[in-house]
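Subject: Structure for your files

Hello,

Here is the structure I said I would pass on. My notes on it follow below.

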Amino acid sequence: MKLSIIIPTYNEEEYLPNLLKSIESQKFKDYEVIVADANSCDSTVRIAKNYGCTVVQGGMPGVGRNNGAKIAKGEILLFLDSDLELTQSYLIEMIEEFEANELDIGITQINPISEKKRDKILHDLANWFMIAFEKNKTSWSRLLWNNM
């Protein structure tokens, strides 16, 4: 299997269906979806199972990501939050970028689903950070490695 998509969740019934639909609509199909749920009180788990996802015990959110990664079968792990939607060719473009550049880790720019000005500003700041990180990846890698 090429790709394992890991989604930590907690009461995400409002958002999860849109993400799972956007994953299903991808042309790239060599993936599994693992939902790491932190004891949701809503229909999150039922929704995940209806979409054929593997559901594991989660936590917020790092524990969920780690629990999902423990059972993942893919060569590449993709960690997503439930409140987003993938662009039409996201998975194939991401896989091609990883393979062409022999990447070990990657980050992506994001656009908010919300139309709120605050959300747009916060997403712009996150994207700015990602661009800065990408341009300085050697320095950042050295900094992170030396502080481990």
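Helix H1, residues 16–24, lies across strands E1 (3–9) and E2. The direction of H1 makes an angle of about 175 degrees with that of E1. Please keep in mind that this is a predicted model.

Which residues of H3 are buried? They are Gly64, Asn67 and Gly68. Viewed down the axis of H3, these buried residues fall within an arc of 100 degrees, so they line one face of the helix. Their cover includes strands E1, E2 and E3.

Now the sheet. It is open and is formed by four strands in the order E3-E2-E1-E4, with parallel pairing. Strand E3 (54–57) and strand E4 (76–79) are at the edges; each has a single partner strand, so one side of each is left without a neighbour in the sheet. On average, neighbouring strands of the sheet are turned by 25 degrees against each other, direction ignored.

For the pairing of E2 with E3, there is some detail. Strand E2 covers residues 31–37 and is joined to E3 by four bridges, the two strands running parallel. Val35 stands opposite Val55, a residue of E3.

Regards

Notes: Residues are numbered from 1 along each chain as its sequence is written. This is a predicted model: local features need pLDDT of at least 70, side-chain atom pairs count only at pLDDT 80 or more; totals for chains, interfaces and linings use all residues. Side-chain values use heavy atoms; hydrogens and water are left out. Two strands pair if DSSP finds at least two bridges between them. Axes are lines fitted to C-alpha atoms, for helices over the stretch in contact, and angles run from 0 to 180 degrees between N-to-C directions. Contact means heavy atoms within 4.5 Å. Buried means under 20% relative accessible area, exposed over 50%, partly exposed in between (1.4 Å probe, protein chains only). The arc is that of the directions from the helix axis to the C-beta atoms.
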